[in-house]
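Here is a short tour for a reader new to this chain. Look over the sequence and the model, then read on.

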Amino acid sequence: MSVIYHDRRDSGRLHSTAFSTESAAGLGHSTLFRPLPCEVASVRRHVREVVITCRPPASYPLDTVQLVATELFTNAVRHSAHHGAPLLVVVQERRTTLRVEVHDPDPEMLVAPARPDLADSGRGLLLVDLLSQEWGVVPGPTGKMVFAEIAGPCR
């Protein structure tokens, strides 16, 4: 399995218990969302609910986490061949980071534009790179997972 790392040192929810992701700190919060642009608000609400339940409360920059989750989800909606299949959004609190994952059924890997400064769009992954401690793409047998880790305060 190859992993690409970029290391920098309600209404729409489809509930499922078929997914669980273990992290160093325990079980991740996993929710399925319809692959529609109108679901971005639901993804942001989901991420907000997870962040405000972290210990200690407000230990992660809420705006940053929501923006990163929005960019990852929007990329999956716009650029993956999901064919209407739900997208899984996972939020995991780890030792010193909060990890946001978006799983989609398309095995094609992400390609960041060579010159986003000249494009009308395509700056989402640049934002993810700037705002996250680490991000990457992990291929799987039924698609891929794109993740970003946002640093919390020193504990």
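Two strands count as paired if DSSP finds at least two bridges between them. The model is predicted.

## Overall layout

The chain has three helices and nine strands. Along the sequence they follow the pattern β-β-β-β-β-α-α-β-β-α-β-β.

The chain holds 155 residues, and 44% of them count as buried. Its accessible surface comes to about 8,400 Å². Carbon and sulfur atoms account for 56% of that surface.

## Confidence

Confidence is lowest in strand E1, residues 4–7, with a mean of 38. It is highest in E7, at 95.

Residues 1–27 call for separate mention. Their pLDDT stays under 50. The model has 69 contacts for these residues beyond four places in sequence.

## The strands and their partners

Start with E5, residues 29–33. Four of its five residues are buried, so E5 is largely enclosed by the rest of the structure. E5 pairs with E6 in the antiparallel sense, over five bridges.

Leu88 has His103 of E7 as its bridge partner. A hairpin of three residues joins E6 to E7.

E7 is mostly covered, with seven of its eight residues buried. Which strand does E7 pair with over eight bridges? The partner is E9, and the two are antiparallel. Here Thr97 has Ala151 of E9 as its bridge partner.

E9 pairs with E8 as well. Seven bridges join these strands, which run antiparallel. Val138 stands opposite Met145 in E9. A hairpin joins E8 to E9 through two residues. E8 is mostly covered too: five of its seven residues are buried.

## The nonpolar core

Nonpolar side chains tend to be buried together in soluble globular proteins. In this model, the largest nonpolar core has 28 residues. Those with the most contacts inside this core are Val43, Val47, Val65, Leu72, Phe73 and Leu98. Which elements each supply at least two residues of the core? Three are helices: H1 (40–52), H2 (62–79) and H3 (124–131). The others are strands: E6 (87–93), E7 (97–104), E8 (134–140) and E9 (143–151). H2 gives the largest share, seven residues.

Leaving aside residues up to four places away, Leu72 touches Val100, Val102, Val128, Val146, Phe147 and Ala148. Two of these partners, Val100 and Val102, fall within the range of E7. Val128 falls within H3, while Val146, Phe147 and Ala148 fall within E9.

## Helix H2 and its surroundings

H2 has 18 residues. From its first C-alpha to its last it reaches 26 Å, close to the 26 Å expected at 1.5 Å a residue. H2 is mostly covered, with 13 of its 18 residues buried.

Ser42 lies in helix H1. Is Ser42 buried or exposed? Its relative accessibility is 1%, and buried means under 20%, so Ser42 counts as buried. Ser42 and Thr70 are 28 residues apart along the chain. Their C-alpha atoms are separated by 9.9 Å.

## A residue in the loop

His83 sits in the loop between H2 and E6. Its phi is near 50°, a positive value in a residue other than glycine. Why does His83 count as exposed? Its relative accessibility is 76%, and exposed means over 50%. Ser42, at 1%, counts as buried, whereas His83, at 76%, counts as exposed.

Technical notes. Residues numbered from 1 in each chain as written. Predicted model: local features only at pLDDT ≥ 70, side-chain atom pairs only at ≥ 80, totals over all residues. Heavy atoms only, no water. Core = buried A, V, L, I, M, F, W, Y, C linked by side-chain atoms within 4.5 Å. Buried < 20%, exposed > 50% of the residue type's maximum accessible area, 1.4 Å probe, protein only. Contact = heavy atoms within 4.5 Å. Areas by Shrake-Rupley, 256 points an atom, 1.4 Å probe, with all protein chains shown as cover. Expected span 1.5 Å × (residues − 1). pLDDT = per-residue confidence, 0-100.
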